[in-house]
Amino acid sequence: MAIEVNGKTYETDEEGYLVNLGDWSEEVANFIARQENVEMTPNHWEVVNFLRDYYNEFQIAPAVRVLTKAIGKKLGPEKGNSQYLYELFPYGPAKQACKIAGLPKPTGCV
Amino acid sequence: MAAPEFAVPELKEYPVIPILKADAMAAAKPYVASAPMNEALGFPGELVADWEERAVAKLGELLQKYRSLKVYLDACVHCGACTDKCHYFLGTGDPKNMPVARQDLLRSVYRRHFTPAGKLFPKLVGAKDLTRDMLEDWYKYYNQCSECRRCSLFCPYGIDTAEITMAAKEILDAVGYGQKYTNEIIGKVHRVGNNLGLPPAALADTLEGLEEDIKADTGVDVRLPLDEAGAEVLLITPSADFFAEPHVDSLVGYAKVFHAAGIRWTLSSKASEAGNFGMFIGSYDQLRRIALRVREAALELGVKRIVVGECGHAWRVAYSFWNTLTGIGAGGNDPFALQLQKQLDQRYKQPSHICEVTYDLIRRGALKFDKEANDHRIVTFHDSCNVARGSRMGDAPGGQFEIPRAIIRAVANHYVEMAPGTTHEQTFCCGGGGGLLTDELLELRVKGASPRMEALKQVADSDGVNFMATICAICKAQFTKVLPYYHFDRSMIGGVHQLVSTAIRLGA
């Protein structure tokens, strides 16, 4: 499967996750977000950017608790919980935010 | 990709057997594993050209290897006792989700090739050729069975339906037609050490963060040690406990129990996974290879006890198979198994479930609780299928039912049982077990959860239940996802040790 953004084609898996992490760009992220019916706000970008930074360091998306803590520090303690992350990414913060951030899908019993 | 549209079953006041809807779930089909995923496990990369021949040969091999399989395929008299016992049938109405019909997909091919009557008069005895359509039905409908074995409980012949599903999955893998979710994950266990693909550095960072959280919450330094040689206990827990919510709250609970009891424990980055999807795909080889990681870690760390965290199928594997696979428990007789048996402290059950550990400490008065800390919760308990029907706990029959409940009663004031016939050995699967906890099967998962949701709604309406405790990572992830479809809050689901964590007194 593939997506086409600004005339360029990017390979994705069956579920729409980018196959090559290097293909990611803000345009690609916006495109995936639109497919997911997620309207990207600055707070969405905070999450996406944190995911990408963490992934660069640890080769895995952060645990939900790590993410909520980081977002709480950046956006205020009232937003540092998974409830808020579900508001941003209704299909589930781990999976949907990873997809938009161009990261592989977390697997297992999650 | 937007979630597929489908009708969520209406919850009724009492269970109703659905009207048959032929092929209602014929479109539900998990993604097929890619060639690299299959090849990493030693399976053909994609569907082989001579799949029919190879599938029949594999079935013949399994019949030789497992006498039980032959008995189960021969014994069914189509009495129908199992038909309305499957949560997927109850939720979907698809007749092929009646356990007997699901089994007959394999049984009919068995009769055609392995019984005299089926070879000579196939039509008279319901024997069928393995056509491409039949193979497709195998792939779809054996991937709509969570191997929960509720139907087996009602079978007068005691046919273990899950074993038939496992055989079918083993045959599918042997012809290069495996399922992505399970096979990708097993590959990650071998490459990285856990289902999640969580590398050691990330695990260490996550555990450190949790120690900070506990300190901030309680003011107490509770440790979550990693790879500490010489610890008494090695805790093997599902990697979801490190990553997901509400799973992580139970991990914090285990840590607090060990802290309060003064038990030196450790996690392992090599064996950072309790789950063993080798069982789901019916592969003894994978089951063993995954289990051996635990033995390696235990020998390296020199631990005296092995304790398993809240994971349903892992406990079945640990309780029923670890002994001969690894030497954790008696039965294994290779040199490493014998070495491990000598190393482990035989005054304790090897392995022990974390609930057994906690319950034992409670009985000895070693833990103290502020039960009112859980007063905002009215709790019920969802028995997980592999614990309920595939294992035991404690020293008495039924311990796997009584011990988790006894822990809940010790840490919370408000406890309510769901309807008989939906709990204990008759519990309903959450709808996501057996390697089906994948997004493309969401419709099946939502519909399959309906019998449990019905029972939950009854106690939510009658007693105000607002928390369903369980001891399985799959149950937790599955309910977190499907509860909102039934207008429940996703935070209603949590672990038994999450309740323990809330109420336990530290450092008193």
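How many residues does the contact take from chain B, and how many from chain A? In this predicted model, chain B contributes 33 residues and chain A contributes 20 residues. On the side of chain B that touches chain A, the elements that give two or more residues are helix 10 (180-191), helix 11 (200-218), helix 12 (240-243) and helix 23 (473-482) of chain B. Helix 11 of chain B supplies the largest share of this side, 7 residues. By class, the side of chain B that touches chain A holds 21 nonpolar, 6 polar and 6 charged residues. For the complex, the predictor reports an ipTM of 0.96 and a pTM of 0.97.

The mean pLDDT of chain B is 97, with 99% of its residues at 70 or more. Chain B contains 24 helices and 7 strands. Its radius of gyration is 23 Å, close to the 23 Å given by the globule rule for 508 residues, so chain B is as compact as a globular protein of that length. The C-alpha trace of chain B spans about 75 × 55 × 45 Å along its principal axes. Of the 508 residues of chain B, 56% count as buried. Among contacts in chain B with a separation of 6 or more, 78% are between residues 24 or more positions apart.

Chain B is divided into domain 1 (35-184), domain 2 (193-356) and domain 3 (370-503). The C-alpha centres of domain 1 and domain 3 of chain B are 30 Å apart. Between these two domains, 17 residues of domain 1 of chain B are in contact with 18 residues of domain 3 of chain B. Helix 4 (87-92), helix 8 (150-154) and helix 10 of chain B are the elements that give two or more residues to the domain 1 side of this contact. The largest share of that side, 5 residues, comes from helix 4 of chain B. The domain 1 side divides into 6 nonpolar, 8 polar and 3 charged residues.

Leaving aside residues up to four places away in sequence, A:Leu51 touches A:Ala61, A:Pro62, A:Ala97, A:Cys98, A:Ala101 and A:Leu103.

Several individual residues of chain B were examined. B:Asp104 lies in helix 5 (residues 99-114) of chain B. B:Asp104 counts as buried because it has 20 C-beta neighbours inside 10 Å. B:Asp104 and B:Glu136 are 32 residues apart in sequence, and their C-alpha atoms are 14 Å apart in space.

A cis peptide bond joins B:Glu245 and B:Pro246, with omega about 5°; B:Pro246 is in the loop between helix 12 and helix 13 (247-261) of chain B. A cis peptide bond also joins B:Gln350 and B:Pro351, with omega about -5°. B:Pro351 is located in the loop between helix 17 (335-343) and strand 4 (352-353) of chain B.

B:His424 has 18 C-beta neighbours inside 10 Å and so counts as partly exposed.

How values were computed: Residues numbered from 1 in each chain as written. Chains lettered and ligands numbered in written order. Predicted model: local features only at pLDDT ≥ 70, side-chain atom pairs only at ≥ 80, totals over all residues. Contact = placed C-beta atoms within 7 Å. Helix = DSSP H or I, 4+ residues; strand = E, 2+ residues; numbered from the N terminus. Nonpolar A, V, L, I, M, F, W, Y, C, P; charged D, E, K, R; others polar. Domains from an automatic or database assignment. Rg over C-alpha atoms; globule rule 2.2 N^0.38 Å. Buried ≥ 20, exposed ≤ 12 C-beta atoms within 10 Å, placed from the backbone. pLDDT = per-residue confidence, 0-100.
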